[in-house]
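Hi everyone, thanks for coming.

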Amino acid sequence: MGFFNWTERSPQVLQSGGVIGPDERLPWTQTGLMGIQHVIAMFGSTVLAPILMGFDPNMAVFMSGIGTLIFFLITGGKVPSYLGSSFAFIGVVIAATAYAGKGPNGNIGVALGGIIACGAVYTLVGVIVQLVGTRWIERFMPPVVTGAIVAVIGLNLASIPVKNMASNNFESWMQALTFVCVGLVAVLTRGMMQRLLILIGLLIASVLYAVFTNVMGLGKPLDLSGVINAPWFGMPSFHAPVFEAQAMLLIVPVVVILVAENLGHIKAVTAMTGKNLDQYMGRAFIGDGVATMVSGGVGGTGVTTYAENIGVMAATKIYSTAVFLVAALIAVLLGFSPKFGALIQAIPLPVMGGVSIVVFGLIAIAGAKIWVENKVDFSQNKNLIVAAITLILGTGDFTLKFGQFALGGIGTATFGAIILYALLNRSED
């Protein structure tokens with residue numbers, strides 16, 4: 001097929017248990033509704049990640065749309081994926097910029113330079129994969145390594161909401177109430193509400209926060225004046241990158257996570273659709289890498305293919321790339337609404353802290369899930385040692401200094417896991 005040449009299928013196909021493939025689409029009305037659903041699915045994480053790093057959430061949403069369009073074009077419209085803000089960058093960006101956790105990040109330029117460098121390396125990996133395939137990646141990053149690295153990202157971030165996002169006892173209780181709300185939504189609801197557990201839990205907790213503060217006077221009141229005064233339409237805030245060696249060396253290792261995520265997502269879609277997408281793996285890496293560089297070049301977050309949207313595809317059995325084209329265009333339009341951005345900024349910090357506890361915990365569990373799904377054998381000492389050391393390096397923020405350069409916990413854990421596995425695996429052989 002060409003870029004915009006999908007085979008139209010009847011909605012009745014779904015009623016009979018059929019699947020809409022990547023090269024097919026429903027009528028444009030239904031395709032548009034599915035696009036809106038995918039925007040809703042990516043929304044919570046794409047907005048939360050930039051807030052935690054002090055980036056402009058409007059810009060992040062805008063660049064998620066632009067990034068998805070870039071990915072669509074580079075993959076030739078063959079791979080159904082939405083690109084949203086990557087949580088893998090949060091820890092290293094906070095470390096590189098010394099961000100305090102509230103308001104705009106004053107050192108955002110330094111982070112952007114690192115994000116661009118990471119995107120460049122990611123693109124290079126994609127070119128190599130396009131030429132020689134993925135077996136070399138799977139050899140250096142087996143499931144025990146990728147699982148440990150993913151888990152470390154969540155564990156390394158744990159102290160941010162616990163220590164920095166609640167300044168008194170009331171706010172600590174609000175954090176607890178928030179993650180309880182998210183948990184109840186996750187367990188007691190079904191369908192799309194359950195898929196939007198973060199967003200709905202956040203909304204419920206924000207309403208309760210307003211009741212406790214604005215009505216009962218228990219804490220700092222919720223202030224919506226910024227939302228009321230913000231215009232409906234306007235440009236997102238652009239920022240220029242600053243290239244510093246130390247920040248780039250700290251942020252570039254995130255490429256390991258991005259590769260592992262994208263590899264897993266494409267294999268998941270292959271399994272669900274029955275269409276082998278491995279031949280597009282290199283182009284998918286290139287598309288994600290270029291999108292990350294473009295986003296970092298103007299003030300956006302690094303991006304990655306989103307598991308949230310793969311979950312929506314699994315639930316609906318609609319894998320049409322036309323849906324993601326529509327979703328991307330909707331996100332671009334949302335990026336031009338300062339009122340939308342002001343609404344995001346009005347979310348109380350302890351509520352965001354409670355949500356962060358959930359999200360960072362889910363990232364850690366995602367690493368364990370990789371071990372379980374790939375049946376990693378921890379009776380083998382090499383697997384046991386690699387996982388154990390990696391988790392402690394990352395969680396304890398183990399730092400190594402090379403002259404003026406310091407490699408923090410996520411960096412030492414990432415490189416340590418890869419190098420340690422290679423060493424122990426060779427010794428065992």
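Predicted model: local features only at pLDDT ≥ 70, side-chain atom pairs only at ≥ 80, totals over all residues.

Residues are numbered from 1 along each chain as its sequence is written, and side-chain values use heavy atoms, with hydrogens and water left out.

So, the overall picture. The chain has 21 helices and 6 strands; these are DSSP runs numbered from the N terminus, with helices being H or I of at least four residues and strands E of at least two. The C-alpha trace spans about 65 × 60 × 45 Å along its principal axes. Of the 429 residues, 55% count as buried. By buried I mean under 20% relative accessible area, with exposed over 50% and partly exposed in between, using a 1.4 Å probe and protein chains only.

What about the inside? The largest nonpolar core holds 100 residues, and Phe87, Phe89, Ile90 and Phe285 have the most contacts within it. Helix α2, residues 28-53, gives the most to this core, with 9 residues. Apart from it there's another core of 6 residues, including Trp6 and Phe72. A nonpolar core here is a set of buried Ala, Val, Leu, Ile, Met, Phe, Trp, Tyr and Cys residues joined through side-chain atoms within 4.5 Å.

Let's zoom in on Phe89. Leaving out residues up to four places away in sequence, Phe89 touches several residues, among them Met53, Ile115, Cys118 and Val303; contact means heavy atoms within 4.5 Å.

Now helix α5, residues 108-132. Just after α5, Gly133 takes a positive phi of about 95°.

How many disulfides does a search of the whole structure find? The count is 0, taking a disulfide as a pair of cysteine sulfur atoms within 2.5 Å. Cys118 is buried at 0% relative accessible area, and Cys181 is buried too, at 9%.

Last stop: Phe336, in the loop between α17 and α18. Phe336 is partly exposed, at 26% relative accessibility. Its contacts, beyond four places in sequence, include Phe62, Trp232 and Pro236.
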